[in-house]
Amino acid sequence: MIKRITGLFLLIVIALTGCSGNEAETPEVIAFEKDTVFIVGDKVVNLAKWNLYALPQYEETDRLYGSSIWDYVVDARGTTMKSAVKDDIKSQIVYTEIVCSRAEELGLQLTEEDNMDINLMTAAYMDGLTPEMIDKYGIKENDVREIYADNKLALKVYEYLTLNVDTSTTEKQVRNMILEYVPIMKYHDGDNDEIVMYDDDEMEERCRKALDYLDRVKADPDVTKLSDLTDEEFTPITVTADYSTLVDKLSEKIAIVAFSMQKGEINGLYDSTDALFILDCVEPEDEAATNAAKIRIIEERQREYFAEKYGKWSDETSVRINHEVWDTL
């Protein structure tokens, strides 16, 4: 089995744009060799390098779906899985080559420590290959080292350019609270799944029972949250959610109330269009979820900023395909 040797950067950048370089006609500067797959700017991608990127993905796809998957048509244009995967791998390689090509102008280079890590990873990778695999796929140690170096350098470029992206966030954007709530619905499912509204008398009775339940919760010193009290009719729902999620789940009116509650506060009944609610603020802020939300927002800003940069670089870089090799892959 061929191991995957590309790193985190590759996973980041493929999610950014899906761009694969500019393939417009350009004067040939570097001649195609017999094992050249394509050339990105002045960077030659040979069969060995292609295999190091491609074979792990081929093997994983075969393992998950079987060999018959390659002829499966994946879109309305008639693109097969084989073509789609080839194009995706090409995009990965092109992306990394283009980003690496910008390192020098940014004053970035691999450090001695980076090169030590690359040498260790290269040695470990080569040790895991059999002589038969090395011979079959034309894998050379220098090709492996170059891929590790490319990915490490590309990550340096990404980190350098996105270092000063705006990291400010608002409370509504990121704060996640732990909320328990009991909805007292104003309707029920009728015949044929139609919605049937409760009449005034029925709603009055439902409210009376809900308020009785709320009184029991507040009167019991052992009950610190709604889920501490077992009740056949009222089952609390627990969510860890930010403001926008609460709006989606409960309505903006109820979200405003919930987001302003203090730790341990249990109250109701709060009215909305479809239901009444008993709310329990278990924790006004869940630290782990809030921090994760901050990271997601900052990372999205970084991806958007870098995608814009990459788009310009891609427009300036030619990608020349050697179809004599490409068509045989």
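Predicted model: local features only at pLDDT ≥ 70, side-chain atom pairs only at ≥ 80, totals over all residues.
1. Four strands form an open sheet in the order 6-3-8-7, and their pairing is antiparallel. Strand 6 (237–241) and strand 7 (266–271) lie at the edges, each pairing on one side only. Between neighbouring strands of this sheet the average turn is 30°, direction ignored.

2. Strands 7 and 8. Strand 7 is joined to strand 8 (residues 275–283) by 4 bridges, and the two run antiparallel. Asp271 has Leu276 of strand 8 as its bridge partner.

3. A helix on the sheet. Helix 9 (residues 243–250) packs on the sheet and touches strand 3 (177–185), strand 6 and strand 8. The direction of helix 9 makes about 145° with that of strand 6.

4. The cores. The largest nonpolar core holds 47 residues, and Phe38 and Trp50 have the most contacts inside it. Leaving aside residues up to four places away in sequence, Trp50 touches Val37, Phe38, Val45, Tyr58, Lys86, Ile89, Lys90, Ile93, Trp326 and Leu329.

5. Helix 3 (residues 81–100) packs against helix 11 (residues 287–315) at an angle of about 90°, and their axes are 10 Å apart. The two helices are therefore roughly perpendicular to each other. Helix 3 contributes Val94, Tyr95, Ile98 and Val99 to the contact, while helix 11 contributes Phe306, Tyr310, Trp313 and Ser314. Of these contact residues, 7 are nonpolar, 1 is polar and none is charged.

Methods: Residues numbered from 1 in each chain as written. Heavy atoms only, no water. Pairing = 2+ DSSP bridges. Axes fitted to C-alpha atoms, helices over the stretch in contact; angles between N-to-C directions. Contact = heavy atoms within 4.5 Å. Core = buried A, V, L, I, M, F, W, Y, C linked by side-chain atoms within 4.5 Å. Buried < 20%, exposed > 50% of the residue type's maximum accessible area, 1.4 Å probe, protein only. Parallel < 35°, antiparallel > 145°, perpendicular 65-115°, else oblique. Nonpolar A, V, L, I, M, F, W, Y, C, P; charged D, E, K, R; others polar.
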